[in-house]
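Here are some notes to read beside the model, written for someone meeting such a structure for the first time. Please keep the sequence and the 3D view open while you go through the points.

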Amino acid sequence: MRYTRRVVFFSLLIGLACLRPAQAPAQQEKPDSPVFKKPHVAQPPLIEQSDVLYEIWQSFLVSRKANAGDPVAQHELGIRYMLGRGIEPDTVKAAYWFAKASAQNMLSSRFNLGIFLFQGWGVPWNPFEAFRAFLSCAESGMPEAQHIVGLFYTDNMVVPMDVERALHWVRKADEAKYKPAKEVLVDLEKREQQAAAN
């Protein structure tokens, strides 16, 4: 009985030794040639980290920084709530964190808060406050906001229609190479020419 256990044990060890991965071919004489390079064989890690667990952990770390008053973390937490990265999507909480970061002069948060205010996502709908948020970002040099402020001046709803101001802001966005501004600029220049002809 002992003899058969030993034979089985040693045969298993020999079998496991034979299962080792195949060796890569020996390196050629010209290792700098792309044709003769030794192929890279990636070994999978023993334990792979789940993306979900990683996102949850990152959300926890970001929320700690956000609660401590870091505006960059507050902005990131707003984005995480908006997209549902590592936490449940929640537009109310996203708007809250964008507002917190915006109060600390974080332009990207102010811009996102403007979008939320204009759409009524997570906050009461307020296009007038949205315009003020976009105007603040536009005056600080954000081309996306300059483009949007220009559009506000074309529809005569939130602010009175003013083609000159619209052109001013859309030209600034175009000068900053913001692509959507190029198309709007062509239309606004046509409007200005038609108004001058009449």
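1. One definition comes first, since a later point on volume rests on it: on a 1 Å grid over the protein atoms alone, a pocket is an open set of points where a 1.4 Å probe fits, with protein on both sides within 12 Å along at least five of seven lines, and a lining residue has an atom within 4 Å of a point. Grid points are joined across faces, edges and corners, and a volume is the space filled by probe spheres set on the points.

2. This is a predicted model, in which local features need pLDDT of at least 70 and side-chain atom pairs count only at pLDDT 80 or more, while totals for chains, interfaces and linings use all residues. Residues are numbered from 1 along each chain as its sequence is written, and side-chain values use heavy atoms, with hydrogens and water left out.

3. The chain holds nine helices and zero strands, where helices (H or I, at least four residues) and strands (E, at least two) are DSSP runs numbered from the N terminus. Of the 198 residues of the chain, 29% count as buried, a word that stands for under 20% relative accessible area, with exposed meaning over 50% and partly exposed in between (1.4 Å probe, protein chains only).

4. Leaving aside residues up to four places away in sequence, Phe131 touches Val149, Phe152, Tyr153, Val158 and Val159. Tyr153 lies in helix 7 and has a relative accessible area of 7%, so Tyr153 is buried. With residues up to four places away again left out, the contacts of Tyr153 include Phe131, Arg165 and Trp169. Tyr153 and Trp169 are 16 residues apart in sequence, and their C-alpha atoms are 9.2 Å apart in space.

5. What is the volume of the largest pocket? The value is about 250 Å³. Of the 13 residues that line this pocket, the closest to its centre are Phe118, Pro127, Phe152, Asp155 and Val158. Helix 5, helix 6 and helix 7 are the elements that give two or more residues to the lining, and the largest share, four residues, comes from helix 7. The lining divides into eleven nonpolar residues, one polar and one charged, where Ala, Val, Leu, Ile, Met, Phe, Trp, Tyr, Cys and Pro count as nonpolar, Asp, Glu, Lys and Arg as charged, and the others, Gly among them, as polar.

6. In helix 9, Ala181, Val184, Leu185 and Leu188 are buried, and they pack against helix 7 and helix 8. Asp187 is also found in helix 9, but it counts as partly exposed because its relative accessibility is 48%.

7. Asn105, in the loop between helix 4 and helix 5, has a phi near 65°, a positive value in a residue other than glycine, and at a relative accessible area of 58% Asn105 is exposed. Lys177, in the loop between helix 8 and helix 9, likewise has a positive phi near 65°, and it counts as exposed because its relative accessibility is 71%.

Note on methods: Contact = heavy atoms within 4.5 Å.
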